[in-house]
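Colleague: I would like to learn how to read a model like this one, feature by feature. Please give the convention each time, and then the case at hand.

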Amino acid sequence: MWSLILKRIGVGLVTVVAVSFIIFAGTKILPGDAAQIQLGQNATVENLAAMRAEMGLDKPYLIQYFTWAGNFITGDLGSSLASDVPLTQLIADRYQNTVMVAVLTALIGVPISLLMGILAAMFPGSAYDRVLTFVSVSLVASPEFLTATLLVLLFVLGMGIGTAVVVGSTEGKGFFSLISHFALPITTLSFVIASQLIRMSRAAVLNVMSSPYIEMAILKGVPRHRIIFRHALLNSIGPIVNVVALNLAYLVTGVIVVEVYFGYPGLATLIVQGVQSRDFVMVQGLGMIFCLTYVILMLIADVAAYASNPRLRHPK
Amino acid sequence: MSTPSETEHFVAPYDEGVTFDELPDAPPRQGYKPSITGWIGIAVVGFWLFIAVAGPFIAPMGENDLPFPDDYSEFQKPRVGAPLGTDVEDRDILTRIMYGAGRTIGISFVATSLAYLVGVILGIGAAVSSPRVDMILSRVNDAFLSLPTIMLGLVVVAAVGSSIPVLIATAGLIYATVVFRLARAIGMEIMVMDYVEAARARGEGTWWVITREIWPNARMPLITDFGLRMIYVILFISSLSFLGLGVQPPQADWGSMVRENLGTLQYGASILPVLAPALAIATLTVAINLIVDDVSAHGGGKLSKRM
């Protein structure tokens, strides 16, 4: 078990290195470099060369890569090309905002959708199950901005609650105005992950429900609620933890569109701005942060899968 | 199809909610007869395909024409001559949706086809070649697979800028990784079958095995997965366009239409400029999903047992 987990962590590390290569190379394919962007119109051959030397861009790519990666590990993300402000400073507040939305979404969205998914698995084929399956399948196939628009339509335009656009800082706001401030991004993200979670948790429980020992319990005459709570649910905890971790990883992607939609001051809007202004340093730094989070969540999902399923630990 | 081979262990069994288990195990015995939901899906997809091809010819005006120049009395509101209203720049929404259909569907279709071309060739190639080649291909693939797709898209667009060929290549290569994994898994499974061994023992070459044994058996799940993959490519392209990094203005595209008109939500003249293109995407993707589900159910995949 432990050796498997260590091996998985090793693979995770290799992935992170590969990812950093991809991200670094991605910003190097084009002729223009950071020095040119920073100097803009004023670039003469001499000060371009001076700037390159100052930024270390005249060194071989491999050395540039190691300098960048080394700085990243020690927490130095470099300075934004567009504004010349250290990236760590730009990120500081926004990081909180994004983490807050992600955590609140996880706290609210995950339990509710798990409950709904498990309920659907308890009564497969019922009207509730069919409606829920149809709605969640449709939601999975819909873009995040449709979910967001429908929620704006319902809450802001229909009922006058919340704000369609989240702007400015959160400081000095009372608890309740903060709730209406963040309600829509969080609700949208909850819907986005709920559609996946409901399907996957339902499938996980149904999978357990179709196993021979459940059939045995039914034949013994064990009451239905006892079968579900004592036999099925306990055994589906592992797969469900796996499903939750995978969906939190999905949040990393979902959060980008949702933050931009609501103009939410988080990391995702920052990286999109970075791409638009071709701020390589920002894209590299934030890209690494997003990918790291994603890789770590995937790792947790895999470890949870090993922990819960002995068959994965001992492959044939 | 769910027996994971050794190298696959380190990839979480997850691709945006779709596992291989949901694909049909075998080709249908009789011809495919759609159920009611299948017909609904076919009708909606057919409708959008028609608009995609014919849109620019039957649209009431050009995509950047103004139906009511210098008349701002009913700005953005639906009215005669603009049934879905007009957008932030007073262009007709209906016209732009008709023009955008071809772009959104066309880009996604070409990108998905590219993903299939690359993914299937490399995937089946990995399945039939030596373990070393297979391992190298799979490891490289896993590195790409372990990145959030939209993040890869952002890095590429940041590096080379956005244009339609770049969008197609980016989406095609990103989703080729998923197709590779599926094609390889299916190929591997068929390679250990007795009939392949029999063919090998007869002295048939690799090409013969690929075309006569693997392809006929791998065809059905791969074609079904094409539909699913196309859904994700449509969502990916639309999301990039929505972020302002996909199809560039003034060209209409469903994702960028949502972005352009996002401001209307604040002063609320009409919600249609945002809602209409978003709904267009959703009706298309949900309809494709209906067809895929129906075909899977017909093919006797595990999906039918679960639904």
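Modeller: Begin with secondary structure: chain B has eleven helices and zero strands. Helices (H or I, at least four residues) and strands (E, at least two) are DSSP runs, numbered from the N terminus. This is a predicted model, in which local features need pLDDT of at least 70 and side-chain atom pairs count only at pLDDT 80 or more, while totals for chains, interfaces and linings use all residues. Residues are numbered from 1 along each chain as its sequence is written, chains are lettered from A and ligands numbered from 1 in the order in which they are written, and side-chain values use heavy atoms, with hydrogens and water left out.

Colleague: How many helices and strands does chain A have?

Modeller: Chain A has 13 helices and zero strands.

Colleague: What percentage of the residues in chain B is buried?

Modeller: Buried means under 20% relative accessible area, exposed over 50%, and partly exposed in between (1.4 Å probe, protein chains only). In chain B, 56% of the 307 residues are buried. In chain A, buried residues make up 49% of 316.

Colleague: How should I read sequence separation in the contacts?

Modeller: Contact means heavy atoms within 4.5 Å. Take the contacts in chain A between residues at least 6 apart in sequence: 72% of them join residues at least 24 apart. In chain B, 74% of the contacts with a separation of 6 or more are between residues 24 or more positions apart.

Colleague: Which residues does A:Leu139 contact, beyond its neighbours within four places in sequence?

Modeller: They are A:Thr147, A:Phe191 and A:Ser195. A:Leu139 itself lies in helix α6 (residues 127–140) of chain A. With a relative accessible area of 22%, A:Leu139 counts as partly exposed. Its C-alpha atom is separated by 9.5 Å from that of A:Ile193, 54 residues apart along the chain.

Colleague: Is α11(A) largely enclosed or open?

Modeller: Helix α11(A) is largely enclosed by the rest of the structure, because eight of its ten residues are buried. Among them are A:Leu267, A:Ile271 and A:Val275. The buried residues of α11(A) pack against α5 (87–122), α10 and α12 of chain A, together with α4 (149–160) of chain B. Just after α11(A), A:Arg278 takes a positive phi of about 55 degrees.

Colleague: How much area do chain A and chain B bury between them?

Modeller: Buried area is the accessible area (1.4 Å probe) that two parts lose on being put together, summed over both. Chain A and chain B bury about 4900 Å², 77% of it on carbon and sulfur atoms. The elements giving two or more residues to the chain A side are α1 (2–26), α6, α7 (144–159), α8 (175–209), α10 (224–262), α11 (267–276) and α12 (280–308). The contact takes 62 residues from chain A and 52 residues from chain B.

Colleague: Are B:Arg184 and B:Asp134 buried or exposed?

Modeller: Both B:Arg184 and B:Asp134 are buried, and their side chains form a salt bridge at 2.6 Å, N to O. By contrast, B:Arg202, in a salt bridge with B:Glu204 (3.2 Å, N to O), counts as exposed at 52% relative accessibility. B:Glu204 is partly exposed, at 23%.

Notes: A salt bridge is a side-chain nitrogen of Lys or Arg within 4 Å of a carboxyl oxygen of Asp or Glu.
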